[in-house]
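Have it open while you read.

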Amino acid sequence: MNRVVPALSDALRHATRVRHEHLHELMAQAEPFASRERYRRYLRVQHAFLDCAAVYGSALDTILLEPLTWRRMALDRDLADLGASVAAA
């Protein structure tokens with residue numbers, strides 16, 4: 001009999017559901033898409049978050065690190081498109 005094993009991201013999402021929903025509420029209150037400056041700030045915060053995750057390096061499975069690396073590259077491109085740097089978030 002084959003068992004379906006949930007993806008690691010699904011397990012993490014489930015385990016952190018309440019906190020994640022709270023973060024979404026806080027983000028909505030900050031209106032990150034209301035202006036270019038707010039969006040820049042949002043991108044910088046996301047970038048800082050990924051920097052924190054990178055600290056764990058080898059402790060994180062490659063399955064997690066690769067998507068985070070691609071996400072960080074996308075953030076860098078978005079910031080560059082907005083003429084912004086990763087300056088202190």
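The points below go from the overall layout to single residues.

1. Ground rules first. This is a predicted model, where local features need pLDDT of at least 70, side-chain atom pairs count only at pLDDT 80 or more, and totals for chains, interfaces and linings use all residues. Residues are numbered from 1 along each chain as its sequence is written, and side-chain values use heavy atoms, with hydrogens and water left out.

2. Layout. The chain has four helices and zero strands, running α-α-α-α from the N terminus. Helices here are DSSP runs of H or I with at least four residues, strands are E runs of at least two, and both are numbered from the N terminus.

3. Surface and contacts. Of the 89 residues, 15% count as buried (under 20% relative accessible area; exposed is over 50% and partly exposed is in between, with a 1.4 Å probe and protein chains only). The accessible surface is about 7,300 Å², and carbon and sulfur atoms hold 60% of that (Shrake-Rupley method, 1.4 Å probe; for residues, only the protein chains shown count as cover). Among contacts (heavy atoms within 4.5 Å) with a separation of 6 or more, 59% join residues 24 or more positions apart.

4. The core. Tyr42, Leu43, Leu50, Leu75, Leu79, Leu82 and Ala84 form the largest nonpolar core, seven residues in total. H3 and helix H4 (62-81) each supply at least two of its residues, and the largest share, three, comes from H3. A nonpolar core means buried Ala, Val, Leu, Ile, Met, Phe, Trp, Tyr and Cys residues joined through side-chain atoms within 4.5 Å.

5. What does Arg40 touch, leaving out residues up to four places away in sequence? The partners are Leu79, Leu82 and Ala84. Arg40 sits in H3 (residues 36-54) and is buried, because its relative accessible area is 16%.

6. H2 checks out. Its 14 residues (17-30) should span 20 Å at 1.5 Å a residue, and the end C-alpha atoms are 20 Å apart, so the two agree. The expected span is 1.5 Å times one less than the number of residues.

7. One to look at: Glu31, which follows H2 and lies in the loop between H2 and H3. Its phi is positive, about 45°, although it is not a glycine. Most residues other than glycine have a negative phi. Glu31 is partly exposed, because its relative accessibility is 44%.
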